[in-house]
Amino acid sequence: MAFSVSKSLSLNIVQYSNIFTSYLKSEAITTLDLDSSFNGHSFKLPKCIFNVRNAKTLSLRNNQLSVLPPEIAKLQHLKVLRLSNNKLRNDSIPYTLTHCQEITTLLLDNNALDAVPGFVLELKKLETLHRHGNQNYFRTTFMWYVCEGRERIRTASFSDVDTASAALECVTNVQSLMFWAAKSIISRKCNYFLLSSIPESVKDYISEVYSLFNVCAACNTAELLYSTGYIVFTFKNPYINNTCVPFLHWTCSKECALAIELPARMQQIKTAQKQVKAYESYVRACALGGQPIIEEDPVSTETDLSDESRPAGRRRRWKLRRCNIM
Ligand SMILES: [Zn+2]
């Protein structure tokens with residue numbers, strides 16, 4: 001069953017969220033089409049939509065969305081997530097998205113991303129990724145692609161004063177045991193929504209403070225937003241039917257940054273070498289007077305781990321073949 005809302009109804013969703021939640025729980029809804037449903041309104045995405053546990057498609061395009069709530073991890077059957085034409089930044093997409101391991105399609109185009117969040121690489125069934133049209137994307141891609149490895153690692157700094165202030169205020173006011181317990185659970189990178197040992201009220205609290213933390217890409221550490229950390233840029237060329245895709249990772253230390261950057265750079269170089277080799281063969285075949293055909297077959301030039309887990313039909317390789325011209 002599909003569910004969609006009109007603009008006028010979207011206002012009522014917030015107002016009557018309890019009734020709405022009951023309705024969503026009672027129906028076997030698998031598609032949530034909420035495109036252009038909240039556009040123009042200052043709002044927080046109603047958390048009740050994440051109670052549609054059987055949802056396979058969640059479409060939130062054209063909504064001026066600035067934050068994707070960590071509750072996205074509740075949607076364990078989610079296959080298609082459309083987030084095009086919003087205001088998402090890298091720090092507004094939570095690590096909990098990686099717990100939606102059934103995702104095959106992720107649309108992140110036309111947002112405010114610096115690069116694709118690094119943890120997207122953990123979505124092993126991902127087949128389609130749209131990431132063009134992000135306002136900071138073009139500059140970042142070309143600036144860091146040409147840099148040497150060590151320059152792809154930089155100290156994280158705070159440009160968003162409001163967020164940093166909010167984090168500071170939160171810590172000052174909430175020096176509670178629950179706050180530090182939440183930090184510990186977020187550090188573990190587990191899907192806390194699935195843990196029966198954690199009361200629902202505590203899960204709600206963890207989700208409330210989740211956006212105040214950065215989660216390290218290389219180890220089990222979560223640090224408050226204003227804490228010292230490192231930003232790492234890596235590239236994959238190609239990646240899921242895209243040409244060159246930049247990724248942005250946050251790490252808690254220089255060691256963790258190197259643990260992410262070095263293997264990624266090695267893979268990038270290896271892939272580039274194979275592409276050069278394939279191109280040389282192509283040119284050689286041309287010089288010999290044949291008509292080279294470049295075609296795709298089900299084997300990939302990528303040697304990275306993520307590729308091995310990708311469905312065989314999705315892997316690609318340039319293949320050269322001569323056919324004589326009569
Ligand atoms: Zn770390």
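## Close-up views of a predicted model

**View 1. Strand β11 and its two partners.** Strand β8 (residues 153–155) and β11 run antiparallel and are joined by three bridges; strands here are DSSP runs of E with at least two residues, helices are DSSP runs of H or I with at least four residues, and both are numbered from the N terminus. Two strands pair if DSSP finds at least two bridges between them. Within this pairing, Arg154 stands opposite Ile231 in β11. Strand β12 (residues 245–251) is also antiparallel to β11, with seven bridges joining the two. There, Phe235 sits opposite Pro246 in β12.

A word on reading these views: this is a predicted model, where local features need pLDDT of at least 70 and side-chain atom pairs count only at pLDDT 80 or more, while totals for chains, interfaces and linings use all residues. Residues are numbered from 1 along each chain as its sequence is written.

**View 2. How strand β11 is enclosed.** Seven of the seven residues of β11 (residues 230–236) are buried, so the strand is largely enclosed by the rest of the structure. Buried means that 20 or more other C-beta atoms lie within 10 Å of the residue's own, exposed means 12 or fewer, and partly exposed is in between, with C-beta atoms placed from the backbone. Both faces are covered: one side carries Tyr230, Val232, Thr234 and Lys236, and the other carries Ile231, Phe233 and Phe235.

View 3. Although Ile240 is not a glycine, its phi is positive, at about 45°. Ile240 counts as buried because 20 other C-beta atoms lie within 10 Å. For context, most residues other than glycine have a negative phi, and most peptide bonds are trans.

**View 4. Lys189 in the loop between α5 and α6.** Lys189 is placed between α5 (177–187) and α6 (200–210). Its phi is near 60°, a positive value in a residue other than glycine. Lys189 is buried because it has 20 C-beta neighbours inside 10 Å.

View 5. Ile206, Ser207 and Tyr210 are the buried residues of α6. They cover an arc of only 100° around the axis (taken from the directions from the helix axis to the C-beta atoms), so they lie on the same side of α6. These buried residues pack against α5 and β9 (213–215), where contact means C-beta atoms, placed from the backbone, within 7 Å. Exposed Ser201 and Asp204 are on the face turned away from the buried side.

Key. Two residues are in contact if their C-beta atoms, placed from the backbone, lie within 7 Å.
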